[in-house]
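Here's a protein model with a ligand for you to explore. Have the sequence and the 3D view open while you read.

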Amino acid sequence: MLEASRRWRLERRSIGLVPTMGALHAGHLSLVDAARRENDVVVASAFVNPIQFGPGEDFERYPRDPERDAALFAQAEVDAIYRPATDAMYSSGASTRVHVTGVSEPLEGAARPGHFEGVGTVVTKLFAAVEPDRAYFGQKDAQQVAVVKRLAADIDLGVEIRVCPTVREADGLALSSRNAYLDAAERRAAVCLSRALGLAAEAYGRGERNPARLQAILSEAIEAEPLARLEYAEVVDPATFAAGGSLAVLAILIGKTRLIDNHDLKLPYPG
Ligand code: AMP
């Protein structure tokens, strides 16, 4: 794969990179479609990055199906798949971590210590290996987007960060590889995330700007669902993740499954 991308660079063909952890769904494939529209060639990576999982998180049981991933990437006309082995990615003795200050610290950063260092490190390594012109990320992981944009701007990687809208199920649940952990009752309960965001967007549309009121609307909608436990409900600035912007962000637990979602309240809620 790396030889192909070296050749493409020499041929001055533009390269779009789509980083994933595999276990593909239509959200991932929407990133591939965007990359295809905007670049000569598309490289997709599939790497379950151990250093972005904390102790006790789901690294071991994270869904893995390389054959299905390869077939779906081929169908989506990906030109090359980059699937590094873990010990090739992190040789023994590797001790460098890429830490983005500020935006990586609240919310997901506080709930998952070390997570964004893992993300920053792997994204830097993927960018160094593939040297893409553009890299594609999903709005679904809004804080990851903010961290990666900060990283790319701060260390002059010369990679344009492109952000694609969240792909949702018909009932509003954002697609996620972790949805596979939900049983039928939990799956029905998970719709409280998009319901909460819809209610907050409706209130914002009616002129509600008080962050405490908006947060109360979000948390009440989660608390109305008996199977869900609220971890956080905040309204933040989408670039800095400081309090007080228009991006509503949610994290909940349903059983053992942790789910996140977000919506910019300035935009009409889809569905
Ligand atoms: P993951 O494999 O979960 O690390 O996700 C790989 C990329 O796909 C990340 O940039 C995610 O934000 C993006 N992604 C995940 N779910 C969705 C979705 N429902 N819609 C759009 N992009 C998504």
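## Before you start

This is a predicted model, so local features need pLDDT of at least 70 and side-chain atom pairs count only at pLDDT 80 or more, while totals for chains, interfaces and linings use all residues. Residues are numbered from 1 along each chain as its sequence is written, and side-chain values use heavy atoms, with hydrogens and water left out.

## Around the ligand

Let's begin with the ligand's surroundings. There are 17 residues around it, and Met21, His28, Asp141, Val167 and Leu175 come nearest. (A residue is near a molecule or strand if one of its heavy atoms lies within 4 Å of it.) Sorted by type, the shell has 8 nonpolar, 7 polar and 2 charged residues. Here Ala, Val, Leu, Ile, Met, Phe, Trp, Tyr, Cys and Pro count as nonpolar, Asp, Glu, Lys and Arg as charged, and the others, Gly among them, as polar.

Which atoms pair up with the ligand? In aspartate 141, a side-chain N or O atom sits 2.6 Å from an oxygen atom of the ligand. Valine 167 uses a backbone N or O atom, 2.8 Å from a ligand nitrogen, and leucine 175 has a polar backbone atom 2.9 Å from a nitrogen atom of the ligand. On its own, the ligand has 480 Å² of accessible area, and the protein covers 93% of that. (Accessible areas come from the Shrake-Rupley method with a 1.4 Å probe; for residues, only the protein chains shown count as cover.) Strand S1 (15-20), helix H2 (26-38) and strand S4 (134-138) are the elements that each give two or more residues to the shell, and H2 provides the largest share, 3 residues. (Helices, H or I with at least four residues, and strands, E with at least two, are DSSP runs numbered from the N terminus.)

In soluble globular proteins, nonpolar side chains tend to be buried together. In this model, the largest nonpolar core has 42 residues, and Val43, Val123, Phe127, Phe137, Ile161 and Phe241 have the most contacts inside it. Helix H6 (residues 115-130) gives the largest share of this core, 8 residues. (A nonpolar core is a set of buried Ala, Val, Leu, Ile, Met, Phe, Trp, Tyr and Cys residues joined through side-chain atoms within 4.5 Å. Buried means under 20% relative accessible area, exposed over 50%, and partly exposed in between, with a 1.4 Å probe and protein chains only.)

What does phenylalanine 127 touch, not counting residues up to four places away in sequence? The list is Leu17, Pro132, Ala135, Phe137, Leu157, Val159 and Ile161. (Contact means heavy atoms within 4.5 Å.) There is also a second, separate core of 27 residues, and Ala190, Leu197, Ala200 and Tyr269 are among them.

## Two positive phi angles

Most residues other than glycine have a negative phi, and most peptide bonds are trans. Alanine 23 isn't a glycine, yet its phi is positive, about 50 degrees. Look for alanine 23 in the loop between S1 and H2; it counts as buried because its relative accessibility is 11%.

Aspartate 156 also isn't a glycine, and its positive phi is near 50 degrees. You'll find aspartate 156 in the loop between helix H7 (142-154) and strand S5 (160-164). Is aspartate 156 buried or exposed? Aspartate 156 is exposed, because its relative accessible area is 66%.

## A buried aspartate

Now hop over to strand S8 (residues 257-264), where aspartate 261 has its place.

Glycine 54 lies in the loop between strand S2 (41-46) and helix H3 (66-75). Its C-alpha atom is separated by 6.9 Å from that of proline 113, although the two are 59 residues apart along the chain.

Note on methods
A polar contact is a pair of N or O atoms within 3.5 Å; within protein, one must be able to donate a hydrogen and the other to accept it, and residues adjacent in sequence count only if both atoms are side-chain atoms.
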